[in-house]
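Please keep the sequence and the 3D view open while reading.

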Amino acid sequence: MAHSVTGLHIYYYFGHLCDYQAWRTVFEKRPPIDDPGLLLLLEQGRRNEAAWVEHLREVHGEVLSLQGGTMEERAERTLAAMRAGAAVLHNGVLDGGPAGQTLATRAAGRGLDLRFRGETDLLIRVDGMQSAFGTWGYRVVDVKSSRTGRLPQFMQVAYYDRLLEGVQGASHGRGSVIVFPDGSGGRAQEEFFDLEPLAPSLTLFLEEHLPELLARKPEEIAYHLAPHCAHCLWNDHCRTRAETERDLSLVPGMQPGHRRAFRRAGIDTLEALAGVTEPVLEAVAREAPSGGDTVRRLHAQALTLRDGAARPRMSLRDAGALWLLERNRVVREPFEANRLAVLVDLAGDAVAGTESAWVVRVGDHPPQKFHAGDAREEELAFARFLDGMARVHERTKGRFTVFHDGGGLDRRLERLFEKYPAEGRGEIVRETIGRMVDMAALLRRSFLFPVTTAAPRDEVELYLQAGGILPEPAPATPLGLATHLAETAGVAPDEGLAELTEAAARIGIRPDALPERLEPFIALRMHAERRHPFWMALVEDLQIRRLARLQTALRLLRMAAPERTEAAHA
Amino acid sequence: MLEFDRHKRALDLEFRLQRSEALHNLERPPAERAETGRALVDLIYQGRDGRRTSHHIFLFPGQPGRFRAGDHALLSFAAADPAGAAVLEGYPVEIDSIAGERIIVFLRRGEAGEELTPGSRWILDERPPSWQPNYQRLSNALALAEYSVRPGSRLRALLQGELPLLSLGDPENPPADLAGVRAQEAFGMAMTRPLAAVQGPPGTGKTYLLARVARALLDQGLRVVLCAFTHRAINNALHALVDAGVPPAQLGKVRGGDERDLPPGITDLNRRAYWQKPPGGFLAAMTVYGAFEPYSRALGISASRTTLPYPERDGRDEQSFWDALDLYNRRVVSGARLPQPETLADVVLLDESSQLTIPMALCALACAPRVVLFGDHAQLPPVNPAAAHYDTHQSIFHLVAERYPETFVRLNETHRMNAELCTYPGEAFYASDLHPSPAARDRTFAAPDEVPAVYAPILAPHPASVLVEVRHEGQAQEAPLEALLAADLALTLLEGGLDPRRDLAILAPHRRQTSAIRTAFERLAATRGVARARLDAWLGDLLVDTVDRMQGQERDVILYSLTASDPGTLDHEGDFLFLPNRFNVAITRARRKLIVLGSPHYFRHVPRALTTAGWQGEDGALSRRRLDAVNVLKRWYLDHRDRRFDLTAHAESLASGTAKNPLRA
């Protein structure tokens, strides 16, 4: 049976797939998508594509749609349309021609029956280009929902172009993606790029890595449980394998490089790592990609996992941590005392392309905000923000930690500074960036439910208070924790959570997966569509409830352990 | 930000970064410093090195870490576990040699020798940069260029690409011993223009040409100053001058660094005395700092007379510091009796100028009205840790090559690489404008008579450039399998009769890997029964070093261990590991045979910075630069697909000790 390698595989591979996912996506039919976020993304992608096709229709007069029928039929119709010189082809199929044949032959050498083909978004006729059809040829355009073009998208277009070159005997040399700088559904923009610089990576993947990878049996493909594995469709496979084999990647924080270093020293399982002797550990430490501290921490982690004791530094997104949670282990994050916690946030106006900054100091001090009302005030707000940071630095004599909620805030601050290089303030910016702690990541590590960032100030407070008062043993799921806290405190669980639980049950999503699954909706909330009223209502609900949920949790924590809360404060 | 402001701030940041990082390291306990290779603990003193009474021998267990011959270091008593200030109070030493577990250091202070008793224990630490004088010179050079009327106006025009390039006279006939159209063109340019830039790709005779230009200038009775980035380069150039027939009496050098390689008969110059009355028909070689001496002195005198104190950094905000410094510099420059370039020298020859930052170059450019730059901006750029913050990557050579295309000449005939070795670098780095000389074109490698069968195709005369794949994963700065294989190949070649000093070198991007290769080499040699004396001689002569230390040198055979295979490392160190200039230097050292060892993961990797970055505006420009950089390696790999040999199994058998040596069977 022949298996297809499509443009989507290329896109995913250069985007985020691990070897095992790459193998599965080629050899197996993808499970139906039930993730609401993905469904919404797909729907928006379709709308964006339709809008651009409509635009092309206005420009060119006619757009030939090649939808309907089998892939083989569509490939034939695509070829015929190109020979006839159609101006724009929508959803044309390229079966690879000689280029695909070459790749297939190479793959066949490894015992693989592969087809290389792709379903393009758009093929645009280019006049004056010499091709097998005459004095015209085609170039590839792909419509994306992102704000700017990304390399994985370019690689996908480069792949289509390679197939197209096999069909028309020439390459246009440039490709393009349609992006939406103001967000999906807004103004569209065509972003062009050269294809030649993409060729080496594509060739190495198609001709070297892919055939080598696909020729392996699935059980021979290396796996490594990592935080993002929690989102993977085939997570069960790797987790089951890891548990059966007592694999080292079950140890939270274990990087592939560490695992390889341990394995080279003959340490293959969690138990073997726990029982390792000091000289062996030293030998591994010398060879491991990071220093001896990390190796020793991983050893300590393995030791306590084996003995059933608690260890810090785990994340809900860490597959190893999830495995632990299911076995009622406790998660805890160590805290740094005697430092002023400073929250820094940066709000952006995507349409104007400007940002406004403010500082909120946590503790007895009231929050300070330096907010730009409009684009003209951006520089002023930024200058005030830097003044604020300078004061913090001066008053605390450097003993402060800057919390932020991710989102590339450090890079954005640097950009602002490049835009308004206030003389003498470079040091302040560098200090601020140097002390930044990703609050969201910290919260995820320290809490048993993934707290997001609707109310950053509360989250920081929550984080600071949660130091010593998480219950032991912890419930297995985030919802379980909330319930546990509620029961301990003798109050009713948060209403929002209950509603979400019911909603999750209605759509068949595991309750503990709900917050993760809903995350894309938060990002997409500005683009709510009538088509998905139920989902969007849920998103709205989540947003509104999130703050309430946080406040409830904080209240519960205080009730559950007032003395320890006080101690943590002190 | 203004051009000068960028450079001033970059200089300031560079100094503070380097010094604070080094001082921070010294605060750590000795064991931790040793773990990162920045200290050697448990040094046991053995005694003086024969008649060399200032040279002392120590033994140490384990690997030499980051230390190499020529490094400056600090020696302190081990008993008190010294850290921080205690280390800084130690004895400053220079490492003379390291072979095996034996190190010889040159102790500058004679009196310290009294504490050295045989059997006593010592610790050797990296010496933090205390280059305040040099930093001051660079800062002064920028101030001079920014504020002075002369030579400032000329220097400002030069940096802005506005220097008039009037011809200084009719071209001279090129010397009889200078062949090649480009070399003759470059010679003509150097002799007739106030500014000329000669790009010398690997092995194209850049130093040879420099010697002919210098000889012709000396024949005209001119005062010539020769500057370079390193003493090694200066010494090389002086050797070339002597070889070109310049009498040593016409040559002088302001001493510094390892002077054992200096040609005999060269005048030992006192920097200050030389500049008081530079003689005609004489070439004075010195570092760029030496060339700045007349201005340093003038500005120093001016500074001592000004009523304005040098601005302190502490207790000021940044802008106030820079304002005060600008004011101070203006006053010092305007109050100084600055010598005019014409009174100091007629021409300055700047070798290795593609490794000189703008402030460094200004030190030398100020001392003469004419300048000839030699360099190659496709090879290693200046070391400048602050460059990323202030976009000061560009060397003086690159700047001149870009802004003065009419005086730029690229030498295009390499006398080093054979035709095959020349092809890829020629296409990738020199716009296909590089070809081998007739003498080099058909040069091939003749492998030793008997080599293990597994190495036979790799060491065959053709292909001259091969890739040896070792399929490891997850290795960062050290790849044991690769190190073992490189060591075994080297041992095979040396046992087969190659000269370790002349014929072979092993390169890697990081010191950790070069240390691992040396250790593997010793281990393998021991298992094969190589006599200790012979092994020590090999280790002393064989160059196993980072690519950066190899620039300017060549060998018949080069083994280059790429090392990394860990995706995280390839992401994190991408800008270093995929730097095309470094790869260019690595693959252009060989005369006859290039063997690159690496994991396929290195070549296949697409850095995460590329997959997540934007491709518009400034981000886009950076992304495209990064993509071009990784493509250099990927294209080389694709080019070598039919010249690659998978020796993973052999490397593993070496590791497990089961590899058979058919020669000894």
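Helix H7 (residues 199-214) of chain A packs against helix H29 (residues 617-639) of chain B at an angle of about 40 degrees, with the two axes 9 Å apart. Here axes are lines fitted to C-alpha atoms, for helices over the stretch in contact, and angles run from 0 to 180 degrees between N-to-C directions. Helices (H or I, at least four residues) and strands (E, at least two) are DSSP runs, numbered from the N terminus.

The model is predicted, so local features need pLDDT of at least 70 and side-chain atom pairs count only at pLDDT 80 or more, while totals for chains, interfaces and linings use all residues. Residues are numbered from 1 along each chain as its sequence is written, chains are lettered from A and ligands numbered from 1 in the order in which they are written, and side-chain values use heavy atoms, with hydrogens and water left out.

**Where chain A meets chain B**

- Because of their angle of about 40 degrees, H7(A) is oblique to H29(B), given that angles under 35 degrees count as roughly parallel, over 145 as roughly antiparallel, 65 to 115 as roughly perpendicular and the rest as oblique.
- On the side of H7(A), the contact (heavy atoms within 4.5 Å) is made by A:Pro200, A:Ser201, A:Thr203, A:Leu204 and A:Glu208, and on the side of H29(B) by B:Asn631, B:Lys634, B:Arg635, B:Tyr637 and B:Leu638.
- Over the two chains, 36 residues of chain B are in contact with 36 residues of chain A.
- About 3000 Å² is buried between chain B and chain A, and carbon and sulfur atoms give 46% of that area; buried area is the accessible area (1.4 Å probe) that two parts lose on being put together, summed over both.

**Salt bridges**

- Between chain B and chain A the count is six salt bridges, each being a side-chain nitrogen of Lys or Arg within 4 Å of a carboxyl oxygen of Asp or Glu.
- A:Glu196 and B:Arg635 meet through their side chains in a salt bridge, at 2.7 Å from N to O.
- Over all chains, a search of the whole structure finds 55 salt bridges.
- Within chain A, the side chains of A:Arg259 and A:Asp247 also meet in a salt bridge, at 2.7 Å from N to O.
- This pair is twelve residues apart and links distant parts of the chain, with A:Arg259 in helix H9 (residues 256-264) and A:Asp247 in the loop between helix H8 (235-245) and H9.

**Two helices within chain A**

- The axes of helix H15 (residues 409-419) and helix H16 (residues 426-434) of chain A come within 10 Å and cross at roughly 175 degrees, and H15(A) and H16(A) are therefore roughly antiparallel to each other.

**Backbone features in chain B**

- Most residues other than glycine have a negative phi, and most peptide bonds are trans.
- A cis peptide bond, with omega about 5 degrees, joins B:Arg150 and B:Pro151, and B:Pro151 lies in the loop between helix H4 (132-147) and helix H5 (152-159).
- B:Asp42 is not a glycine, yet has a positive phi of about 60 degrees, and B:Asp42 lies in strand S1 (residues 39-49).
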